[in-house]
Amino acid sequence: MDHAAPQLALPCICARVRRTARRVSQIYDRHLAPVGLTISQFGILSQIRSVGSPSIGEMAARMVMDPTTLTRSLRPLQQRGLVVLAADSQDRRTRRLALTDAGVAALRQARPGWAAAQDEVRLALGEEASIALVARLDDTLARLSPP
(Lines give C-alpha, C1' and ligand atoms only; values in the text may rest on other atoms or scores of the structure.)
Protein backbone atom coordinates (compact mmCIF):
# COMPACT_ATOMS: atom_id res chain seq x y z
CA MET A 1 0.00 0.00 0.00
CA ASP A 2 1.43 3.41 -1.03
CA HIS A 3 1.42 5.87 1.86
CA ALA A 4 3.08 8.74 0.01
CA ALA A 5 1.28 12.01 0.43
CA PRO A 6 -0.60 13.10 -2.68
CA GLN A 7 1.28 15.72 -4.60
CA LEU A 8 -0.43 19.09 -4.38
CA ALA A 9 -1.32 20.60 -7.70
CA LEU A 10 0.83 23.59 -8.51
CA PRO A 11 -1.28 26.61 -9.43
CA CYS A 12 -1.12 27.53 -13.11
CA ILE A 13 2.17 29.33 -13.69
CA CYS A 14 1.02 30.79 -17.01
CA ALA A 15 -2.10 32.37 -15.50
CA ARG A 16 -0.07 34.05 -12.78
CA VAL A 17 2.58 35.30 -15.17
CA ARG A 18 -0.07 36.68 -17.52
CA ARG A 19 -2.05 38.41 -14.74
CA THR A 20 1.11 39.96 -13.36
CA ALA A 21 2.22 41.05 -16.84
CA ARG A 22 -1.18 42.65 -17.45
CA ARG A 23 -1.00 44.56 -14.15
CA VAL A 24 2.52 45.80 -14.89
CA SER A 25 1.48 46.71 -18.46
CA GLN A 26 -1.47 48.72 -17.08
CA ILE A 27 0.94 50.81 -15.01
CA TYR A 28 3.23 51.50 -17.97
CA ASP A 29 0.28 52.14 -20.31
CA ARG A 30 -1.14 54.72 -17.86
CA HIS A 31 2.14 56.62 -17.82
CA LEU A 32 2.58 56.41 -21.61
CA ALA A 33 -1.03 57.36 -22.47
CA PRO A 34 -0.32 61.13 -22.59
CA VAL A 35 2.00 60.56 -25.58
CA GLY A 36 -0.42 58.14 -27.25
CA LEU A 37 1.66 54.96 -26.90
CA THR A 38 1.17 51.65 -25.15
CA ILE A 39 4.05 49.83 -23.49
CA SER A 40 3.95 47.31 -26.37
CA GLN A 41 4.36 50.09 -28.91
CA PHE A 42 7.08 51.73 -26.82
CA GLY A 43 8.87 48.37 -26.69
CA ILE A 44 8.70 47.97 -30.45
CA LEU A 45 10.02 51.48 -31.06
CA SER A 46 12.81 50.95 -28.51
CA GLN A 47 13.83 47.65 -30.07
CA ILE A 48 13.93 49.11 -33.57
CA ARG A 49 16.06 51.98 -32.31
CA SER A 50 18.48 49.70 -30.48
CA VAL A 51 18.87 47.22 -33.35
CA GLY A 52 18.95 49.68 -36.24
CA SER A 53 17.00 48.24 -39.16
CA PRO A 54 15.82 44.76 -38.19
CA SER A 55 13.77 42.52 -40.43
CA ILE A 56 10.34 41.44 -39.23
CA GLY A 57 11.76 37.99 -38.43
CA GLU A 58 14.68 39.42 -36.46
CA MET A 59 12.37 41.71 -34.49
CA ALA A 60 9.88 38.92 -33.80
CA ALA A 61 12.68 36.69 -32.51
CA ARG A 62 14.09 39.46 -30.30
CA MET A 63 10.66 40.20 -28.85
CA VAL A 64 9.66 36.52 -28.59
CA MET A 65 6.63 37.17 -30.80
CA ASP A 66 5.08 35.51 -33.78
CA PRO A 67 5.92 37.52 -36.96
CA THR A 68 2.20 37.81 -37.79
CA THR A 69 1.45 39.26 -34.35
CA LEU A 70 4.35 41.68 -34.70
CA THR A 71 3.11 42.78 -38.14
CA ARG A 72 -0.35 43.48 -36.66
CA SER A 73 1.25 45.45 -33.81
CA LEU A 74 3.29 47.49 -36.29
CA ARG A 75 0.27 48.69 -38.31
CA PRO A 76 -0.80 51.50 -35.96
CA LEU A 77 2.82 52.69 -35.71
CA GLN A 78 3.10 52.72 -39.49
CA GLN A 79 -0.25 54.52 -39.85
CA ARG A 80 0.97 57.21 -37.44
CA GLY A 81 4.15 57.58 -39.47
CA LEU A 82 6.42 56.43 -36.63
CA VAL A 83 7.80 53.34 -38.39
CA VAL A 84 8.48 52.47 -42.00
CA LEU A 85 8.88 49.03 -43.51
CA ALA A 86 10.99 48.99 -46.65
CA ALA A 87 12.67 46.39 -48.84
CA ASP A 88 16.27 45.62 -47.92
CA SER A 89 18.70 47.12 -50.43
CA GLN A 90 20.72 43.87 -50.48
CA ASP A 91 17.80 41.43 -50.60
CA ARG A 92 14.51 42.74 -51.97
CA ARG A 93 12.63 39.79 -50.41
CA THR A 94 13.52 41.01 -46.92
CA ARG A 95 11.66 43.95 -45.42
CA ARG A 96 13.44 46.09 -42.81
CA LEU A 97 11.97 48.29 -40.11
CA ALA A 98 13.16 51.79 -39.38
CA LEU A 99 12.04 54.63 -37.16
CA THR A 100 11.01 57.83 -38.88
CA ASP A 101 11.95 61.21 -37.43
CA ALA A 102 8.46 61.25 -35.90
CA GLY A 103 9.15 57.81 -34.38
CA VAL A 104 12.39 59.02 -32.81
CA ALA A 105 10.54 62.08 -31.45
CA ALA A 106 7.70 59.92 -30.06
CA LEU A 107 10.21 57.68 -28.33
CA ARG A 108 11.96 60.73 -26.85
CA GLN A 109 8.62 62.15 -25.64
CA ALA A 110 7.61 58.79 -24.13
CA ARG A 111 10.84 58.25 -22.21
CA PRO A 112 9.80 60.28 -19.10
CA GLY A 113 6.51 58.35 -18.90
CA TRP A 114 8.36 55.06 -19.17
CA ALA A 115 10.79 56.19 -16.44
CA ALA A 116 7.87 57.18 -14.17
CA ALA A 117 6.26 53.76 -14.66
CA GLN A 118 9.58 52.06 -14.01
CA ASP A 119 9.94 54.06 -10.78
CA GLU A 120 6.37 53.22 -9.70
CA VAL A 121 6.93 49.49 -10.14
CA ARG A 122 10.37 49.59 -8.47
CA LEU A 123 8.94 51.53 -5.53
CA ALA A 124 6.06 49.06 -5.13
CA LEU A 125 8.37 46.04 -5.24
CA GLY A 126 11.39 47.51 -3.52
CA GLU A 127 14.85 47.81 -5.05
CA GLU A 128 16.16 44.42 -3.98
CA ALA A 129 13.04 42.57 -5.16
CA SER A 130 13.08 44.50 -8.46
CA ILE A 131 16.68 43.48 -9.15
CA ALA A 132 15.92 39.88 -8.18
CA LEU A 133 12.79 39.83 -10.36
CA VAL A 134 14.66 41.06 -13.43
CA ALA A 135 17.36 38.43 -12.88
CA ARG A 136 14.76 35.68 -12.37
CA LEU A 137 12.82 36.70 -15.47
CA ASP A 138 15.98 36.74 -17.60
CA ASP A 139 16.95 33.31 -16.25
CA THR A 140 13.44 31.96 -16.82
CA LEU A 141 13.39 33.15 -20.43
CA ALA A 142 16.80 31.60 -21.05
CA ARG A 143 15.72 28.27 -19.54
CA LEU A 144 12.50 28.17 -21.55
CA SER A 145 14.06 29.20 -24.86
CA PRO A 146 14.81 26.54 -27.44
CA PRO A 147 18.49 25.53 -27.63
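Below is a short exchange on how terms apply to this predicted model.

Me: What are the ground rules for numbering and for the predicted model?
Reply: Residues are numbered from 1 along each chain as its sequence is written, and side-chain values use heavy atoms, leaving out hydrogens and water. The model is predicted, so local features need pLDDT of at least 70 and side-chain atom pairs pLDDT 80 or more, while totals for chains, interfaces and linings use all residues.

Me: What makes Ala-110 a bend in α5?
Reply: A bend is the angle between axes fitted to the seven residues ending at a residue and the seven starting there. At Ala-110 that angle is about 35 degrees. Pro-112 follows within four residues.

Me: Why is Phe-42 called buried?
Reply: Buried means under 20% relative accessible area, exposed means over 50%, and partly exposed is in between (1.4 Å probe, protein chains only). Phe-42 has 4%, so it counts as buried.

Me: Which class does Trp-114 fall in?
Reply: Its relative accessible area is 22%, so Trp-114 is partly exposed.

Me: Why is the Phe-42 and Trp-114 pair called stacked?
Reply: Rings of Phe, Tyr and Trp (its six-membered ring) pair if their centres lie within 6.5 Å. Planes under 30 degrees apart count as stacked, over 60 as edge-to-face, and the rest as tilted. Phe-42 and Trp-114 are 6.2 Å apart, centre to centre, with 15 degrees between the planes. So they pair, and the pair is stacked.

Me: What does this pair tie together?
Reply: Phe-42 lies in helix α2 and Trp-114 in helix α5, so the pair ties together parts 72 residues apart in sequence.

Me: What makes Arg-111 a charge over the ring of Trp-114?
Reply: NZ of Lys or CZ of Arg must be within 6 Å of the ring centre and within 35 degrees of the ring normal. The charged end of Arg-111 sits over the ring, 4.8 Å from its centre.

Me: Where is Ser-55, and what does it contact?
Reply: Ser-55 is in the loop between α2 and α3. Contact means heavy atoms within 4.5 Å. Leaving aside neighbours within four places in sequence, Ser-55 contacts Thr-94, Arg-95 and Arg-96. At 10% relative accessibility, Ser-55 counts as buried.

Key:
Helix = DSSP H or I, 4+ residues; strand = E, 2+ residues; numbered from the N terminus.
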